[in-house]
Amino acid sequence: MGKKKVALIGYGYWGQKIYRYLKESEDFDIQYVFFRSLKNLSGDNIKKKYGSEFVSTIDSILEDENVPNVIITTPIETHYALTKQALLNSKNVLVEKPLATNPEHSMDLLRLARNQKLKLETEYTFTYSEALSRAQALVKEGAIGRVESINLTKKQLGRFLQYDVYALLGAHCLSILDMFLPVSGCSFFPRPLMSNKGVTTAAIISFESRDKKCQGYINLSLHCPVRETKVEIYGERGTLIYDPSAANTLSLVCYSRSQLRGTNKVDISTEKMYRSSEDHNLRRALKHFSDVIENGASDNSKRAADITEVISAF
């Protein structure tokens, strides 16, 4: 099968990154790019400044039946309307997170995709991580025993927009958590720590599974000048640590919960370090979207709807 024809809607910071990966993709052939500022330019000026695939109207994308796939990288408030437009025009969709800000809107998009027999994927960057996928496999294999606690941290400096830290950073952490513990089966207890113009910009979210067997917290901040992402998964027999900034992006340590006699140490039975590049998760996201379209891989539409449901309650 040849490359799949795709259009890109949105050309900001994230859209430009997606565009670069699309240009080198073995799975997709980019046919159109549209963003709002192009409406004010003539066709000749657009072609001269940007390239032949850039167009001045979204209708060029929606009305072309030969382009069945769309990627949406626009501001959060536009995701629902644009995704719905694309689905109504028989397009498979990959949309930047979050899918929507209203749970009813998320469910509306899920129903529409199902009724139209289309694929709907939300781009949660870290869920395509090679290291986190390995961690997920290790947990399923029982490498650390039953998971008792999960702690997640996501911090950076800015962006101070109309959206709170739950939507901007919390969605990432919830998508990671959902890889190991379904968020639909958890209770969440948010505690705002800081705000800017009435918008929460730092928070701690504690959570527990409804069966009370696993609990943890999510630490979020838009005030940290040192970017930090970290996942700690604690099991009965060991611990997994994910840190994309470390040389070893994933570490596994299995140990006994008793001290070695006469020492302050514990008996470590397994200690493994894994290295993987975290620089190209967007490339893996596009590959997964291709597999969803072509090979019947599951999309993450339920995960996206569950995350919207959780965040809307904060």
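**Figure 1. With a relative accessibility of 38%, R283 counts as partly exposed (buried is under 20% relative accessible area, exposed over 50% and partly exposed in between, with a 1.4 Å probe and protein chains only).** The model is predicted, so local features need pLDDT of at least 70 and side-chain atom pairs pLDDT 80 or more, whereas totals for chains, interfaces and linings use all residues. Residues are numbered from 1 along each chain as its sequence is written, and side-chain values use heavy atoms, without hydrogens and water. E24, itself partly exposed with a relative accessible area of 46%, meets R283 in a salt bridge of 2.6 Å, N to O (a Lys or Arg side-chain nitrogen within 4 Å of an Asp or Glu carboxyl oxygen). Because E24 lies in the loop between α1 and β2 (28–34) while R283 belongs to helix α8 (residues 281–295), the pair ties together parts that are 259 residues apart in sequence (elements are DSSP runs numbered from the N terminus, helices being H or I of at least four residues and strands E of at least two).

**Figure 2. K23 and E53 meet through their side chains in a salt bridge of 3.2 Å, N to O.** The two residues belong to distant parts of the chain, 30 residues apart, with K23 in helix α1 and E53 in the loop between α2 (43–49) and α3 (59–62). K23 is partly exposed at 48% relative accessibility, whereas E53 is buried, its relative accessible area being 9%. A search of the whole structure finds 12 salt bridges, and a network of such bridges links R146, E148, E236 and R257.

**Figure 3. K154, in strand β6 (residues 147–157), is buried yet has no salt bridge.** The nearest side chain of opposite charge (Lys and Arg count as positive, Asp and Glu as negative; His and the chain ends are not counted) is that of E228, which is 9.8 Å away from K154.

**Figure 4. Two residues other than glycine, K117 and K212, have positive phi values.** For K117, found in the loop between α5 and β5 (120–123), phi is near 55 degrees, and the residue counts as exposed at 74% relative accessibility. For K212, placed in the loop between β8 (199–209) and β9 (215–221), phi is about 70 degrees, and its relative accessible area of 58% likewise makes it exposed. K212 also forms a salt bridge with E208, in which the closest N and O atoms are 2.7 Å apart.

**Figure 5. Cis peptide bonds join K97 to P98 and G158 to R159.** In the K97 to P98 bond omega is about -5 degrees, and P98 is found in the loop between β4 and α5. In the G158 to R159 bond omega is about 10 degrees, and R159 lies in the loop between β6 and α7 (165–180).

**Figure 6. D108, a residue of helix α5 (residues 103–116), counts as buried at 19% relative accessibility.** In sequence, D108 and K84 are separated by 24 residues, while in space their C-alpha atoms are 8.6 Å apart.
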